[in-house]
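The exercises below are meant to be worked through with the sequence and the model side by side. Please try each task before reading its solution.

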Amino acid sequence: MTEGAAVVLLADDEPWLSEALAFSLESQGLECAIATDVSSAVQTLQSRRVLALVTDIMMPGGPEFPKVDASEAGFYLIDLVRRQWPKLPIVCLSVIGDQQKIRSLTARGIRYLRKGETPLSTAVDVITAVATGRRIRLH
Amino acid sequence: MAELAETQKTTNQYLQNVAHQLTAPLNAIKWGIEAIKDEKVTISRKMRLLSSIYSQGTILVHLIKNFSLMSNLEADHELGQFREQPERVDPLRLAINLANDFQPQAAERGIKIDIGELSFNHVFGTKSLLAVKNLIAQALSNLLENAVKYADLKTSIAVQATFVTLAPGAKTAVGLAVKSIGLPIAPEEVKCLLNRGVRGTAAKQRIPAGTGIGLYIANRVMEIHQGTVFIQARGRESTFSLVFPESRVK
């Protein structure tokens, strides 16, 4: 059962970064939910209407997924979301060194934003567009 | 050759880890500032972002101090003497000040840091600890930082002064102990945790990024004070103590 307003789900174990992003997205009228591990992200996906998932790669699995490799848990979450919620738009906000992995994400229609190099305003534009299905042109 | 390649790989992974540790707070600071500049973000949220930025700054300073100490400590160790002179340190005051530093991070996780004032009075009375203040402050900070990171949500961390007997028949020593409830530490892992770059399995699972130098530095600091870091782990309860010889209580 889904409750409350639709949200953008931010999955990252660094809540300070998510908080800054959430405050900016919410100032644009997009409500956010923050999850700091795979378990709480899945819980939110099951209990709320989610417009888009923004996920980091390195984060804990949490109590429901204790065996997931924390260094690649975001990939696990992305695969799980693709299976159970195939239409949900996904943005990957992380630092991935392996170009092959980035190509494989983008080939699956997932937007990749590099943490630390993407200005907050750009991230907000991309996530807003992905969550609302609006087309954007990035400079 | 294979060994060299393996060492190179480990070093690269370590450096990547260090880079991640340093950039993560900076990224949060950058985005925090950008969000503050957003006119539509409310004042109360801007205030919250400001305190997060302050917290991230504290984390960064603490981390950089650890890295800079690492090389200095090796040199001190080889020299067999301190770069800085030991002084009389009030251990209770030190514990209170450091606990205040970590209070904002602890509050984020609903954790309370309790200083056992009576235990300090009992162990030290009116005496001080003869030690290099900067070094033991960093060592105690490292224990507190770990406790705040790995304790269960909404629990209490106790900072206490204790009398410690490290082995049967050994002289009584004094300890500054940080006790918390949280991640279990496997008995076979306890003795490895003081090695450079080593992190517990459960710790890596809870927080994937980490340098594994906090306890190593704390122990190095204690060694040059003729002491040690003593770890007691039982189930989810763990106590990390900085143990000083009683001769340092003056």
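## Exercise 1: a salt bridge between the chains

Task: find the residue of chain A with which Arg45(B) forms a salt bridge.

Solution: Arg45(B) pairs with Glu26(A), and their closest N and O atoms lie 2.8 Å apart, where a salt bridge is a side-chain nitrogen of Lys or Arg within 4 Å of a carboxyl oxygen of Asp or Glu. Between chain A and chain B the count is two salt bridges. This is a predicted model, in which local features need pLDDT of at least 70 and side-chain atom pairs count only at pLDDT 80 or more, while totals for chains, interfaces and linings use all residues. Residues are numbered from 1 along each chain as its sequence is written, chains are lettered from A in the order in which they are written, and side-chain values use heavy atoms, with hydrogens and water left out.

## Exercise 2: the extent of the contact

Task: state how many residues each chain brings to the contact, and what area is buried.

Solution: Begin with the residues, taking contact as heavy atoms within 4.5 Å: chain A brings 28 residues and chain B brings 23 residues. Next, the buried area (accessible area, 1.4 Å probe, lost by two parts on being put together, summed over both) is about 2,200 Å², with 58% of it given by carbon and sulfur atoms.

## Exercise 3: the neighbours of Leu242(B)

Task: name some residues that Leu242(B) touches.

Solution: Leaving aside residues up to four places away in sequence, Leu242(B) touches, among others, Ile136(B), Leu140(B), Val174(B) and Met222(B).
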